[in-house]
Amino acid sequence: MKLPLHSTSIGVPCLRIGIAALSVVAASLSHAAEDGTTFPSKAVKIVVPFTPGGTGDLLPRAVAEKLTGIWKQPVIVDNKPGAGGNIGASAVAHAPADGYTLLASPPGPLAINQSIFRTLPYDPAGLVPVSLFATVPIVLAVRTSLPVNSVQELMAMAKASPGKLTYASAGSGSTPHLVGSMFANMAQLDLVHIPYKGSSQPVTDLIGGQVDIYFDNLTNAQQFHNSGRIKVLAVASAKRSANMPGVPTMAEAGLPNFEASTWYGAALPAGTPAAIVNKWNTGINEALANPEMQKRLRDWGAEVVGGTPADAAAFMKSEAVKWKKVASDAKVLAN
């Protein structure tokens with residue numbers, strides 16, 4: 001006996017729905033089977049929301065190298081630059097909450113962007129802090145041909161020629177932009193902001209004399225300062241850096257309340273099981289404790305942080321409050 005035509009037309013969709021339902025169940029069972037003991041059972045990905053080459057890329061790569069050895073699984077770094085780190089952060093916030101996609105980032109996507117972007121392609125609450133890698137002092141650098149050798153001389157020049165001196169940044173809303181704005185605001189200077197796309201070109205143009213000032217992290221700046229291609233006038237940390245002992249702090253240079261460092265942290269998609277968050281945290285702390293890694297970080301001028309997910313969450317929350325005020329005082333908007 002032949003089946004009615006309508007039975008056939010109903011049967012195919014029903015079959016498809018059944019297969020889809022089985023797939024969901026299988027995925028759920030697979031996810032449920034993964035825990036802090038079995039994770040990771042395959043390659044994992046670290047998303048860096050900026051271009052390759054800077055400290056924000058080198059540090060996650062160094063951690064990834066150590067984690068590959070610890071976990072015996074490939075740990076791959078995937079650069080997703082753009083929009084002040086929002087593209088990479090969005091990719092992680094919308095990734096499956098299974099622990100296989102981690103965000104490794106400087107402050108922007110984790111503590112700043114919600115205060116300077118009118119709209120974001122992700123909800124900051126969609127990212128769960130995992131750990132802090134390290135902090136790196138910010139330095140005030142100028143082109144070598146600029147006839148100043150101290151912060152006081154730089155401020156005097158800027159006040160004598162308002163609107164003439166330029167400061168570069170890695171993009172509107174980036175940490176160098178905020179720190180440059182904070183400097184101009186606190187010292188009551190009229191400086192011209194020159195935004196770039198990324199952190200490599202500003203240094204190149206500072207060396208070439210196309211821009212006057214750049215607030216860079218110490219890791220990037222020290223090699224060019226030591227070779228005489230730029231002049232570092234001050235470090236913005238609370239104390240002098242062992243890598244540049246002859247360079248004064250901003251407080252010593254005449255701005256007592258000026259302090260700024262960049263930092264690098266990690267986050268997973270919201271909803272990631274606590275056991276897997278802790279597995280990442282334990283792995284990162286083990287990687288950071290490696291003697292070779294510690295030496296590498298010291299050479300970069302970085303200070304290892306580590307700590308628990310709760311430590312990272314509290315720190316990022318405090319940083320969000322701090323930079324929100326800076327952005328508001330300096331009237332910084334990225335879009």
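This is a predicted model: local features need pLDDT of at least 70, side-chain atom pairs count only at pLDDT 80 or more; totals for chains, interfaces and linings use all residues.
Biologist: Let's start with helix H11. How do you know that its length makes sense for a helix?

Modeller: Helix H11 runs over residues 309-330, which is 22 residues. At 1.5 Å a residue they should span 32 Å, and the end C-alpha atoms are 31 Å apart, so the two values agree.

Biologist: Which residues of H11 are buried?

Modeller: Pro309, Ala312, Met316, Glu319, Ala320, Trp323, Val326 and Ala327. Buried means under 20% relative accessible area, so that is the cut-off they fall below.

Biologist: And what puts those residues on the same side of H11?

Modeller: They cover an arc of only 140 degrees around the axis, which puts them on the same side. There's a general rule behind such patterns: an α-helix has 3.6 residues a turn, so residues three or four places apart point the same way.

Biologist: What about the other side of H11, and what covers the buried residues?

Modeller: On the other side, Ala310, Lys317, Val321, Lys324, Lys325 and Ser328 are exposed. The cover over the buried residues includes helices H4 (107-116), H6 (175-187) and H9 (274-289), along with strands E4 (127-143) and E9 (261-269). Just past the end of H11, Lys331 has a positive phi of about 55 degrees.

Biologist: Now helix H2. How do you know its span fits?

Modeller: Same kind of check. H2 has 17 residues, which should span 24 Å at 1.5 Å a residue, and its end C-alpha atoms are 24 Å apart, so that agrees. Its buried residues include Thr55, Leu59, Val63, Leu67 and Trp71. Just after H2 comes Lys72, with a positive phi of about 60 degrees.

Biologist: Why is Ser90 called buried?

Modeller: Its relative accessible area is 13%, and buried means under 20%, so Ser90 qualifies. Ser90 sits in helix H3 (residues 86-93). Setting aside neighbours within four places in sequence, Ser90 is in contact with Pro121 and Tyr122.

Biologist: And why does Thr282 count as partly exposed?

Modeller: Thr282 has 49% relative accessibility. Buried is under 20% and exposed is over 50%, so Thr282 lands in between. Thr282 belongs to helix H9. Thr282 and Val130 are 152 residues apart in sequence, yet 9.6 Å apart in space, C-alpha to C-alpha.

Biologist: On to the pockets. What makes up the lining of the largest pocket?

Modeller: There are 36 lining residues, with Phe50, Ala170, Ser174, Gly198 and Ser199 nearest the centre. H2 (55-71), H4, H6, strand E7 (213-217) and E9 each supply at least two residues, and E7 gives the largest share, four residues. The volume of this pocket is about 690 Å³.

Biologist: How many residues of each class line the largest pocket?

Modeller: There are 14 nonpolar, 19 polar and three charged residues. Gly counts as polar, so Gly198 goes into that class.

Biologist: What about the second largest pocket: how many residues line it, and which lie nearest its centre?

Modeller: It's lined by 21 residues, and Thr135, Pro137, Ser237, Lys239 and Glu303 lie nearest the centre. E4, E9 and H11 are the elements that give two or more residues to this lining. By class there are eight nonpolar, six polar and seven charged residues. The second largest pocket holds about 450 Å³ of space.

How values were computed: Residues are numbered from 1 along each chain as its sequence is written. Side-chain values use heavy atoms; hydrogens and water are left out. The expected span of a helix is 1.5 Å times one less than its number of residues. Buried means under 20% relative accessible area, exposed over 50%, partly exposed in between (1.4 Å probe, protein chains only). The arc is that of the directions from the helix axis to the C-beta atoms. Contact means heavy atoms within 4.5 Å. On a 1 Å grid over the protein atoms alone, a cavity is a set of points where a 1.4 Å probe fits but cannot get out, and a pocket is an open set with protein on both sides within 12 Å along at least five of seven lines; lining residues have an atom within 4 Å of a point. Grid points are joined across faces, edges and corners, and a volume is the space filled by probe spheres set on the points.
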